[in-house]
Amino acid sequence: SLSTTIINADQQQHDVREFLHLLDSSVRVFTNTCLHLDEVNNPQLVLDACFAVCSAMEQLPGNSNGGASVGAVHMSKKEQQEDQAEPALLTHFFGVPLWDAEFESLTSSLMMPTTTTTTTNTFTDNDRDEKILERLMNSADIVAAADIVSASANFMLLPFNAKTDVLDNLDAALAHKDFLEARTMALTACSRDSKMRHNANPVSSSSLSQQQQQQRNEDNITEKDMEVVEVLYDCVIQQLGPLILRPLGFPCNKLGLRAFVAAARAATNTQRAASALGRIWHAANEAGPIIVIPNPAAAACFKATGSLEDYTLVVAFSALGWNGIVRPEWGGTLRDSTHVVVVHALDSCKSWFMTNPVTGSLDNGIWWDESLAALAAPFGRVCLVGESMGGTAALRFARHASKSGTVVSLVPQINLQDFPAFSVRDDFDKVHKDRLLGMIKQSLETTSARVVIHVGRNPDDLRQLNHIENTVHEHSVLGLQVDAPLPRYSSQSSHTVGNYRLRVVKHDVEGHAMGAGLKARGTLRKVVLDDLLGSDSWQ
């Protein structure tokens, strides 16, 4: 009726008919899914989604019934979770709740017609036709949501072996050389374009205050992260959409990809799909979670002797990143070091290295322990370095550093219960955080390596020192407060703790980004390399 009496243009009539046909097809698929509700573990989820889509369809122009109740349900749920809301970058997949993305899509589609006000006498016939078509085509999100809910329910109904096969295929597709080559090319082009834009609009740092420079740096990082996220979505959807998403009925777009991961988690009670994507969901050109930087001389030595006794292994643990995009770190600082093999460790599972990156299960770091032990075995010297989440990992796995090696940890989180860290993992709860604290303490007590902790003036970072008993005691003996910042305009202070095996260094640097602060002063390279690869005994 709408397409023949209101819409004038033939092409617009065709588009509307196509839209209504798609919507009708989605409803029929949904109906078939509902016939098997008794086979779903939690049928109420599917029922709620069905009712939501039906209510959404009532919002089509020409229907007088309202669907505000669906929008109200979603907005109420959104308000409840506002404090734990994920950044708009959508940088991870571990906490995507089943149906949430569909509710959001439905809500935006519901509100679009009601928030668009028109006055008949202010538009020509063509303008009015375009407005009506716009309202109809905005409702295309409803079609996508219906398809996704239908595909999710059907995926949950698959036999166990069929679900496992899908996840096996996902692992294989993400590890295939064709996908990895396409991903590398896309990220390389993204990096090149970003540098060209940056060079085309230079801003003199001398004209900015320290606060303005810090804000500019954060804005640049966020912009780069957004570009990386868009490239990763485009690459995954283009490469894997026809292989994984489309055969299961999920649309080949962001919503379809995220809904597939949520359905896979709900249907298998595992994080396999999220962890599979996590291994490539970062800014490094190579796939993670462990990236060994090629060293031809070391490779030739190992091939000839089976040993790397004369080489130093440096494991560089990555931080969580400003927006949750993990990047390989410390490569530039370590680039010119001789007889050094650098390995980047990336926790794209966002769990402070407490997750098995293959299965996605929280295993208290067992996978990382075993992998680091195998990596370290042939080397004569092993050192660890990291900042923030990476600094935590350096302390947690300090036992893998050799007696002649050093652990350098910048602004680590020691007790996550006492730190406003952004955690996107609902399953990374108090129990796991307490276990991490216990493992760090045990590691510091048993490691034979030297350990250096660097902190600045950030009160949250300084407060973490309270959770290392020896540091509190040693500072107290000296008449100092362990969590007090360094006096203004002092370069640094250094205190040895626990028979010289642990040293705490305080810097007059603002904020949590210690590495960036030291780099701005031109001291980062010297500070890190002197501690990490230096040979002094601190005495």
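A salt bridge is a side-chain nitrogen of Lys or Arg within 4 Å of a carboxyl oxygen of Asp or Glu. The model discussed here is a predicted one.

A second salt bridge joins Asp531 to Arg503, with 2.7 Å between the closest N and O atoms. Here a helix is tied to a strand: Asp531 lies in helix α21 (residues 524–533) and Arg503 in strand β8, so the pair connects parts that are 28 residues apart in sequence. Asp531 and Arg503 are each buried.

How exposed are the partners in the salt bridge between Lys254 and Glu230? The side chains of Lys254 and Glu230 meet at 2.7 Å, N to O. This pair links distant parts of the chain, for Lys254 is in helix α11 and Glu230 is in helix α10 (residues 210–248), 24 residues apart. Lys254 counts as partly exposed because its relative accessibility is 30%, which falls between the limits of 20% for buried and 50% for exposed. Glu230, with a relative accessible area of 36%, is likewise partly exposed.

Salt bridges may also be joined to one another. Asp168, Asp171, Arg272 and Arg279 are linked in a network of such bridges. The structure holds 15 salt bridges.

The next topic is the packing of helices. Two packed helices are described by the angle between their axes and the distance between the axes. Consider helix α8 (residues 160–175) and helix α11 (residues 254–268), whose axes come within 11 Å and cross at roughly 135°. That angle makes α8 oblique to α11, because it is neither over 145 degrees, as a roughly antiparallel pair would require, nor within the roughly perpendicular range of 65 to 115. The crossing of α8 and α11 is left-handed. In this contact, Lys163, Val166, Leu167 and Leu170 of α8 meet Phe260, Ala264, Ala267 and Thr268 of α11. By class, these residues of α8 and α11 comprise 6 nonpolar, 1 polar and 1 charged.

Helix α16 (residues 389–396) and helix α17 (residues 430–446) have axes 8 Å apart and pack at an angle of about 55°. This makes α16 oblique to α17. On the side of α16, the contact is made by Thr392, Leu395 and Arg396; on the side of α17, by Leu436, Met439, Ile440, Ser443 and Leu444. The residues in the contact of α16 with α17 divide into 5 nonpolar, 2 polar and 1 charged.

Of its 539 residues, 49% count as buried. Among contacts between residues at least 6 apart in sequence, 71% join residues at least 24 apart.

Definitions and conventions: Residues numbered from 1 in each chain as written. Predicted model: local features only at pLDDT ≥ 70, side-chain atom pairs only at ≥ 80, totals over all residues. Heavy atoms only, no water. Axes fitted to C-alpha atoms, helices over the stretch in contact; angles between N-to-C directions. Helix = DSSP H or I, 4+ residues; strand = E, 2+ residues; numbered from the N terminus. Parallel < 35°, antiparallel > 145°, perpendicular 65-115°, else oblique. Left-handed = near helix turned anticlockwise from the far one by under 90°. Contact = heavy atoms within 4.5 Å. Nonpolar A, V, L, I, M, F, W, Y, C, P; charged D, E, K, R; others polar. Buried < 20%, exposed > 50% of the residue type's maximum accessible area, 1.4 Å probe, protein only.
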